[in-house]
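Q: Could you take me through the assignments made for this structure, giving for each the value and the criterion behind it?

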Amino acid sequence: MDWLVDRREAGAMDRALDGLGQYLRRHAVLDAAVEPALDAVRALVEDAAGSAEGLLQLHLDWRAQRPRASVVELTGVSTADLGRVGTGSSLSPGTVDSLTGADGRQLGETTLEIERPAQEAFTGGPPAMVPIHADPHRQGVASVPVALTAAAKAHPSSNAAQLAALAGAALADNVVGDSPPRTGAEVAAMVAQAHQALGSDARVLAADDAAVEVVISRCPFAPGVSDSDALCHVSTALAGQLGARVNGEATVVLPESIAAGDPACHLTVRLDAATEDLNGELHRWPATTGAPSRRAPHLELSVNLPSETTSVPVVRRLAAQALRSFGVADRDVDDVQLAIAEACANVIEHAIDSDTYEVQVELAADQCAITVIDQGSGFDATAVPENPDPRSEGGRGLALMRALTDKVAFRNEPQAGTVVHMTKRLEHDETHPLWNRPQTRR
């Protein structure tokens with residue numbers, strides 16, 4: 001993300017810093033970290049401005065877990081270009097690169113102590129999908145609901161982001177066909193053409209055998225769709241699965257997105273070995289798990305319980321019996337039991353104006369989804385640190401839930417209270433009758 005500052009223009013600097021603050025608030029894990037980060041950028045800009053004579057470019061790169069801010073002095077920018085681009089406002093990726101004759105000199109940079117949530121929908125990339133009949137080049141954006149429906153049938157315990165990632169991966173299979181990409185340039189062309197077929201204005205910013213960058217200023221997905229930010233995973237999975245064809249792995253980073261309120265979506269696909277601090281979505285080819293069986297057993301369990309500590313052992317036993325009946329490995333049964341117990345304990349502890357809470361357990365194929373609904377006022381899970389102090393009494397329950405499951409998400413619903421949603425990939429006892437199926441006679 002970039003902002004241009006013409007120091008001769010009154011208010012341009014304030015508008016740029018205000019835009020930066022809005023961007024940080026949209027993407028930061030903790031709002032409290034935004035003001036210190038802004039102070040650091042303000043000091044950087046003021047220090048750089050003292051030695052600059054030309055136009056200033058404030059650049060923020062947030063592809064890593066922590067963003068890096070830099071200030072560049074631009075010279076040689078024409079009045080016409082400056083009038084076309086404007087100053088003080090957020091600029092779409094690649095806009096500064098389009099300035100004719102511009103020459104840059106970096107004046108300073110700093111790493112900001114602020115973090116954004118993890119991007120990936122699946123640890124290790126999405127599992128393989130059953131083949132579907134949906135091709136963006138033939139059906140346009142109508143191919144997306146077809147792919148989402150197929151993903152929901154194949155992986156019914158997946159959350160919205162995971163379903164979108166599975167849909168994007170399935171679309172990538174059809175885009176590739178019999179001609180997989182072999183270079184970064186081919187990946188870039190396939191990503192842009194597929195997304196244009198969906199209805200966007202995707203264009204390639206850069207492409208080599210290390211990375212591909214694509215920017216999208218017009219989203220093909222309808223505004224106001226529920227969980228619209230989850231649909232971004234259709235785009236990232238489509239790009240990631242195409243990129244993974246080159247070297248077996250690819251990491252997709254989405255530092256800016258229209259769904260989050262940014263002026264454009266900016267996809268970076270790393271085709272080489274990604275650095276450890278890169279905050280992206282990993283994709284592998286072939287997929288790390290087998291295609292789901294359409295005949296996999298499916299269980300849905302829902303129970304309403306009193307907000308009392310005596311209810312916790314009850315729901316633990318119910319969940320354990322259900323998972324063992326379906327042949328889930330003992331270690332995973334133990335993890336799910338403990339995660340449910342911690343989630344229920346949190347609900348009971350913070351149940352102020354409700355006498356009951358609800359627990360839902362869904363088991364399908366190799367996934368388990370657990371949802372605990374606090375029907376009272378709930379609690380603020382975002383205020384609990386990712387890694388609480390071991391000596392502290394608070395926060396250890398949430399840390400355990402995060403350690404025992406693959407994904408933990410919290411949301412507040414006006415009619416329900418706090419909803420805790422956890423998903424966990426499961427292993428099965430291969431000797432169990434449900435999985436040790438006899439060979440079909442011929």
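Q: Why is the contact between Asp39 and Arg42 called a salt bridge?
A: In this predicted model, the closest N and O atoms of Asp39 and Arg42 are 3.1 Å apart, and since the criterion asks for a side-chain nitrogen of Lys or Arg within 4 Å of a carboxyl oxygen of Asp or Glu, the pair qualifies as a salt bridge. Both residues belong to helix α2 (residues 34–49), where they are three residues apart, about one turn of the helix.

Q: What makes Asp39 and Arg42 count as partly exposed?
A: The class lies between the buried limit, under 20% relative accessible area, and the exposed limit, over 50%. Asp39 has a relative accessibility of 44% and therefore counts as partly exposed, and Arg42, at 30%, is likewise partly exposed.

Q: What makes Arg66, Glu113 and Glu115 one network?
A: Arg66, Glu113 and Glu115 are joined by salt bridges that share partners. By this rule, the count of salt bridges comes to 16.

Q: Why are β6 and β10 described as standing at the edges?
A: The five strands of this open antiparallel sheet follow the order β6-β7-β9-β8-β10, and β6 (203–207) and β10 (281–284) each have a single partner strand, so one side of each is left without a neighbour in the sheet. From one strand to the next, the twist averages 20°.

Q: How do you know that β6 and β7 pair?
A: Pairing needs at least two bridges between the strands, and β6 and strand β7 (residues 211–216) are joined in the antiparallel sense over four bridges. Within β7, Val215 is the bridge partner of Arg203.

Q: What makes β4 and β5 the edge strands of their sheet?
A: This open antiparallel sheet of five strands has the order β4-β1-β2-β3-β5, and β4 and β5 each pair on one side only. Elsewhere in the sheet, strand β1 (residues 2–5) and strand β2 (residues 55–61) run antiparallel and are joined by four bridges, with Leu4 standing opposite Gln57 in β2. Helix α1 (residues 12–27) lies across β1, β2 and β4, at about 170° to β1, and α2 lies across β2, β3 (68–75) and β5, at about 25° to β3.

Q: Why is Ser98 called partly exposed?
A: Ser98 has a relative accessible area of 35%, and this value places the residue in the partly exposed class. Ser98 is found in the loop between β4 (90–91) and β5 (103–111) and, leaving aside neighbours within four places in sequence, is in contact with Asp81 and Arg84.

Methods. Residues are numbered from 1 along each chain as its sequence is written. This is a predicted model: local features need pLDDT of at least 70, side-chain atom pairs count only at pLDDT 80 or more; totals for chains, interfaces and linings use all residues. Side-chain values use heavy atoms; hydrogens and water are left out. Helices (H or I, at least four residues) and strands (E, at least two) are DSSP runs, numbered from the N terminus. Axes are lines fitted to C-alpha atoms, for helices over the stretch in contact, and angles run from 0 to 180 degrees between N-to-C directions. Buried means under 20% relative accessible area, exposed over 50%, partly exposed in between (1.4 Å probe, protein chains only). Contact means heavy atoms within 4.5 Å.
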